[in-house]
Protein chains: 2
Amino acid sequence: MVTITDISKACGVSRATVSKALNGASDVSPETTKRVRETAAALGYLPNATARALKMGRSYNVGVLFSDTTGGGISHEYFSRILESVKAEAERLGYDITFISKDLGRLSMDYYEHAKYRSCDGVVIASADFQDPAVIRLATSEIPTVTLDYSFDSRSSILSDNVRGMEELVRFVHAKGHRKIAFIHGELTSVTQKRLASFRRTCAELGIPVPAEYVRPAVYHDPRSSGLATRALLALEERPTCILFPDDLSYLGGMSELERNGLSVPKDMSVAGYDGIPLSQVLRPRLTTYQQGAEQMGKEAARLLIEQIEKPDTWIPQQITVEGRLLEGSTVIDIG
Amino acid sequence: MVTITDISKACGVSRATVSKALNGASDVSPETTKRVRETAAALGYLPNATARALKMGRSYNVGVLFSDTTGGGISHEYFSRILESVKAEAERLGYDITFISKDLGRLSMDYYEHAKYRSCDGVVIASADFQDPAVIRLATSEIPTVTLDYSFDSRSSILSDNVRGMEELVRFVHAKGHRKIAFIHGELTSVTQKRLASFRRTCAELGIPVPAEYVRPAVYHDPRSSGLATRALLALEERPTCILFPDDLSYLGGMSELERNGLSVPKDMSVAGYDGIPLSQVLRPRLTTYQQGAEQMGKEAARLLIEQIEKPDTWIPQQITVEGRLLEGSTVIDIG
DNA sequence: TAATGTTGCTAAATCGATTAAGTTGGCGTT
DNA sequence: AACGCCAACTTAATCGATTTAGCAACATTA
């Protein structure tokens, strides 16, 4: 391994001078700087991030937290897109990414300890159980954090505009003449609560009644669970004319339940999803859904986190709401 | 931050003794060991991975390489499942995961340099352009690597059994009476070549002719491209009775093209996918496909890499082939 | 000429841990 | 009593980089 010591020997200057020359300090002559840099390049010198981190107390490494237990693993479209854009933006700004988890080999630690252990400069909490004491400990610690789709007090967060998304969907469906709209929702997280409230409020604003039996619980990203909820809706005396699913994937579960009942989309039942994953747009019929701005969310999360890391004194917690857009497929039929 | 120095002061022993006590060295008395450990726990001591890595030349950190440019990004089901299982197994064995990319902020480096810069103990090359000089440099360097779905000389690799997978698919379709089988394949990577060769060989063994126009190129994970290939197949005078798609997602592109032509699956056209992503099994009709053992592949990759890292002297490069299994959906109709 | 400033460098401490080598005191052996 | 040995420590070097303080040489100014 080529170190600054090798360069200092080759150039006949001290290690301090090499370090300063490489970092462009002002108290090194232009000639020396040039000579050092050329030698470094010739020897194939690479800085050692570990040594640098130890001395500087900055690792240029940010943690990313994806709950292992909650449904929101890396392999869900929405989260993997967020991960990808967090990664891209962080790398653009000179930071690497490390996953933060509970327990590492024989060491048992919580998220906070793991982040400290790896000297992460900050952590993006992308998907987690926000009631988990370990998550709360991390998010209320001295480590800079940015959460996605949840806000901790005095912390930055990136929020998908669930209120507006749901409102747009309901208004769109309403405009197509639907008055009996059912909503299958995911677990009662804060995201779900926002969507649910927005659903109810928009319906109220539009003068649409929402019978209790039109709102059914299910599990995010679980087609089977949505299938069951769909079955329950179909068993009602007064069937809805349109079903809003908790997410695009869940729609597939509902779809197969509809088919089993001899109903076809959208002729016999209108539907809409949520998320706007690429898949939804290659399905036939193309799914009407609300596309969350996952790429932008990830990018903003990384940007906000690194801003806080690099300018701790002027930093002020921010809540950024990222809007998505309605993807008008052909699963909502006009019954006006 | 609590360091071993704090513990040594609190216990009245030297830092060396603290370090040894924490690591269970034999030349520390049981009483001292106990006292040191209790003090460490009381003070909330956490080892500093950075300092440890610097001194030991081991970071307990493995890199993961996902090509930024090639189609195989993190957000593809197959790769994200691999990533998730690499992560889980690495963490189980006490290693963290860092993404390796080209260029980091203003530093421009290739994969090898990035891995060195972060002192990765090894790298899992999960998805990459294996002709890229930067990838070749990494895979032929002194850094331990394991590649997925590609073998470098004298290197470990995990291979999905594409030969067998394709053979099983063809034999299954053949058993259902199909004799006019078309194959839409992805870009001509080594994976594709194996599938293609296996397709041809199995057809030959079964005595099925393979007209040149039944083999059509497309792009992996790109429904649009598969749609075009499907269109070309439908334009043939002698239409196939079954189409094998490059992957499950691509099937969706083909499906919509079939529908546009008034053909329904599987009544008018039998189809099969490849990968066995969860989605394929919630579609109606359920897709017949070959499920690759992504979880096992990721797990084996991490295991093999870490084995090489920890036992460099007894290490021998290994090629592990992971078999998948045929998921018999209902998209291949019996026309026997 | 002497005081002062500037430039460009070096020496040495430091980050937090590990570890080879050295030290000490107590014990057993002959 | 002299010796060696072992257990249980400590000392100090080390990993690779950064950074503060200091120093020498030369230029500038009163």
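1. Let me start with helix 1 (residues 4-11) and helix 3 (residues 30-43) of chain A, whose axes come within 10 Å and cross at roughly 120°. Axes here are lines fitted to C-alpha atoms, for helices over the stretch in contact, with angles from 0 to 180 degrees between N-to-C directions. Helices are DSSP runs of H or I with at least four residues, strands are E runs with at least two, and both are numbered from the N terminus.

2. Helix 1 of chain A and helix 3 of chain A are therefore oblique to each other (under 35 degrees is roughly parallel, over 145 roughly antiparallel, 65 to 115 roughly perpendicular, the rest oblique).

3. On the helix 1 side of chain A, the contact is made by Asp6(A), Ile7(A), Ala10(A) and Cys11(A); helix 3 of chain A brings Arg35(A), Val36(A), Thr39(A), Ala40(A) and Leu43(A). Contact means C-beta atoms, placed from the backbone, within 7 Å.

4. Over in chain B, four strands form an open sheet in the order 7-6-8-9, with parallel pairing; two strands pair if DSSP finds at least two bridges between them. Strand 7 (215-217) and strand 9 (270-272) of chain B are the edges, each pairing on one side only. From one strand to the next, the twist averages 20°.

5. Strand 8 (residues 242-244) of chain B runs parallel to strand 9 of chain B, joined by three bridges. Ile243(B) has Val271(B) as its bridge partner in strand 9 of chain B.

6. A reminder on provenance: this is a predicted model, where local features need pLDDT of at least 70, side-chain atom pairs count only at pLDDT 80 or more, and totals for chains, interfaces and linings use all residues. Residues are numbered from 1 along each chain as its sequence is written, while chains are lettered from A and ligands numbered from 1 in the order in which they are written.

Conventions
Contact = placed C-beta atoms within 7 Å.
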